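The entries follow in the order I worked.

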Amino acid sequence: MTVEIDVEARIAADRLTIDELDTRIIDLLAQRALVSRGIQQRRIGAGGPRTVFGREMDILARYRDELGASGTQIAMSVFELCRGAGPVEAAEPLEPVEPGVTA
């Protein structure tokens, strides 16, 4: 039946789109993790804390506001990844931070 074939073709095309989006999301998360870890290293190198909880609260609120209740869980998973718990490794060492310079 033509309608059934059209539905199956559309589902297949949509699944390809989802796969492409997932690839982009994974790439963006890996980039975010590298940037975040660089900030953490610079902050620690300058004598500051690894994490600034006020900043994290702002990010949590943004995710929650944009994505609803699930946004908080997503943000927490992103934080975990970006704190070094995930598989992303820095591609190159970061340059030392001058004392008194904060990120």
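**Entry 1**

Buried means under 20% relative accessible area, exposed means over 50%, and partly exposed lies in between (1.4 Å probe, protein chains only).

**Entry 2: ground rules**

I wrote down that residues are numbered from 1 along each chain as its sequence is written, and that side-chain values use heavy atoms, with hydrogens and water left out. Since the model is predicted, local features need pLDDT of at least 70 and side-chain atom pairs count only at pLDDT 80 or more, while totals for chains, interfaces and linings use all residues.

**Entry 3: the overall layout**

I counted 3 helices and 0 strands in the protein. Helices (H or I, at least four residues) and strands (E, at least two) are DSSP runs, numbered from the N terminus. Along the sequence, the pattern reads α-α-α. The protein has 103 residues, and 18% of them count as buried. Its accessible surface is about 7800 Å², with 59% belonging to carbon and sulfur atoms. Such areas come from the Shrake-Rupley method with a 1.4 Å probe; for residues, only the protein chains shown count as cover.

I then checked contacts, meaning heavy atoms within 4.5 Å. Among those between residues at least 6 apart in sequence, 65% join residues at least 24 apart.

**Entry 4: around Cys82**

Which residues does Cys82 touch, not counting residues up to four places away in sequence? I listed Arg32, Ala33, Ser36, Arg37 and Gln40. Gln40 is found in helix H1. It is buried, because its relative accessibility is 9%. Leaving out residues up to four places away in sequence, Gln40 touches Arg50, Cys82 and Arg83.

I also looked at Val35, another residue of helix H1. Val35 counts as exposed, at 54% relative accessibility. Val35 and Cys82 are 47 residues apart in sequence, and their C-alpha atoms are 8.5 Å apart in space.

**Entry 5: salt bridges**

How many salt bridges are there? I got 2. The rule asks for a side-chain nitrogen of Lys or Arg within 4 Å of a carboxyl oxygen of Asp or Glu.

One joins the side chains of Arg10 and Asp14, at 2.9 Å from N to O. Arg10 and Asp14 are 4 residues apart in helix H1, so about one helical turn separates them. Arg10 is exposed, at 56% relative accessibility. Asp14 is partly exposed, at 34%.

Glu56 forms a salt bridge with Arg83, and their closest N and O atoms are 2.4 Å apart. This pair links distant parts of the chain: Glu56 sits in helix H2 and Arg83 in helix H3, 27 residues apart. Is Glu56 buried or exposed? Glu56 is buried, with a relative accessible area of 13%. Arg83 is partly exposed, at 28%.

**Entry 6: a surface patch**

I found a nonpolar surface patch of about 230 Å², made by Val3, Val7 and Ile11. Patches are made of residues with over 30% relative accessible area and no salt bridge; like charges are joined within 9 Å, and nonpolar side chains (Val, Leu, Ile, Met, Phe, Trp, Tyr) within 5 Å. Val7 is in helix H1 (residues 2-45). Val7 is partly exposed, with a relative accessible area of 43%.

**Entry 7: confidence**

Last, I looked up pLDDT, the predictor's confidence in each residue, from 0 to 100. The protein averages 85, and 80% of the residues score at least 70. Confidence is lowest in H3, at a mean of 91, and highest in H2, at 97. Over residues 90-103, pLDDT stays under 50. For that stretch the model has 14 contacts beyond four places in sequence.
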